[in-house]
Amino acid sequence: MAFFRPRVSREAEVRYHADQEISKSFPDLLEKARQAELTVRDLRAGAADEIELRAAGQVFDQTLTEALRAAEAGQRATFGVKSYDDRIARRKAKATPAGAMWTSEVERLRTLREENRMWGIPRVPRPVATAGH
């Protein structure tokens with residue numbers, strides 16, 4: 001007696017393996033983001049000018065975005081290959097301890113990135129063009 005066992009799509013398998021590779025770089029990317037955050041904090045404590053703070057804030061944003069992408073890839077890979085095609089499998093995987101850990105990490109990084117975008121990157125006025133060229 002044969003049971004019907006739906007296979008996952010080839011695309012889901014490819015994406016799963018790609019996410020596994022991307023998620024391997026997560027610890028290094030997270031460490032880069034921590035270093036960038038320390039740089040921003042040091043500049044704020046040292047009363048640096050806004051241009052330096054803006055550049056450091058943008059670097060911090062880029063490193064956070066890279067770490068967030070790796071964390072999202074790790075989250076999807078932890079959920080398993082079935083979750084790429086099936087939303088119920090994705091929901092069930094979120095309830096596992098590993099799935100919940102990755103989900104909270106992704107949420108934490110998103111919040112940190114949005115906070116940095118709102119308050120960590122100072123707005124610098126654009127230079128005014130002169131009429132005389």
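Predicted model: local features only at pLDDT ≥ 70, side-chain atom pairs only at ≥ 80, totals over all residues.

Modeller: Residues are numbered from 1 along each chain as its sequence is written, and side-chain values use heavy atoms, with hydrogens and water left out.

Biologist: At what angle do the axes of helix 1 and helix 3 cross?

Modeller: Let us begin with the terms. Helices are DSSP runs (H or I, at least four residues), numbered from the N terminus. An axis is a line fitted to C-alpha atoms, for helices over the stretch in contact, and angles run from 0 to 180 degrees between N-to-C directions. In this model, helix 1 (residues 10-23) and helix 3 (residues 50-79) have axes that come within 8 Å and cross at roughly 135°. Angles under 35 degrees count as roughly parallel, over 145 as roughly antiparallel, 65 to 115 as roughly perpendicular and the rest as oblique. Helix 1 and helix 3 are therefore oblique to each other.

Biologist: Which residues of helix 1 and helix 3 make the contact?

Modeller: Contact means heavy atoms within 4.5 Å. Helix 1 contributes Tyr 16, Asp 19, Gln 20, Ile 22 and Ser 23, and helix 3 contributes Arg 69, Ala 70, Ala 73, Gly 74, Arg 76 and Ala 77. For the classes, Ala, Val, Leu, Ile, Met, Phe, Trp, Tyr, Cys and Pro count as nonpolar, Asp, Glu, Lys and Arg as charged, and the others, Gly among them, as polar.

Biologist: How is helix 2 oriented against helix 3, roughly parallel or roughly antiparallel?

Modeller: Helix 2 (residues 26-45) packs on helix 3 at an angle of about 160°, with the axes 8 Å apart. The two helices are therefore roughly antiparallel to each other. Among the contact residues are Phe 26, Leu 29 and Leu 30 of helix 2, and Leu 53, Phe 60 and Leu 64 of helix 3. By class, this contact has 15 nonpolar, two polar and five charged residues.

Biologist: How do helix 2 and helix 5 lie relative to each other?

Modeller: The axes of helix 2 and helix 5 (residues 97-120) come within 13 Å and cross at roughly 30°. Helix 2 and helix 5 are therefore roughly parallel to each other. Their contact includes Phe 26 and Arg 44 of helix 2, together with Trp 102 and Trp 119 of helix 5. It has five nonpolar, one polar and three charged residues.

Biologist: How many aromatic pairs does the structure hold?

Modeller: Rings of Phe, Tyr and Trp (its six-membered ring) pair if their centres lie within 6.5 Å; planes under 30 degrees apart count as stacked, over 60 as edge-to-face and the rest as tilted. The structure holds two such pairs. One of them joins Tyr 16 and Tyr 84 in an edge-to-face arrangement, 6.3 Å centre to centre with 80° between the planes. This pair links distant parts of the chain, since Tyr 16 is in helix 1 and Tyr 84 is in the loop between helix 3 and helix 4 (87-94), 68 residues apart.

Biologist: Is Tyr 16 buried or exposed?

Modeller: Buried means under 20% relative accessible area, exposed over 50%, and partly exposed in between (1.4 Å probe, protein chains only). Tyr 16 is buried at 19%, and Tyr 84 is also buried, at 12%.

Biologist: Where is Ala 47 placed?

Modeller: Ala 47 is in the loop between helix 2 and helix 3. Its phi is near 55°, a positive value in a residue other than glycine. With 65% relative accessibility, Ala 47 counts as exposed.

Biologist: With which residues is Glu 50 in contact, leaving aside its neighbours within four places in sequence?

Modeller: Glu 50 is found in helix 3 and counts as partly exposed at 45% relative accessibility. With those neighbours left aside, Glu 50 is in contact with Pro 122, Arg 123 and Val 124. The C-alpha atoms of Glu 50 and Pro 122 are separated by 6.3 Å, although these residues are 72 residues apart along the chain. Arg 123 lies in the segment after helix 5 and is exposed, at 56% relative accessibility.
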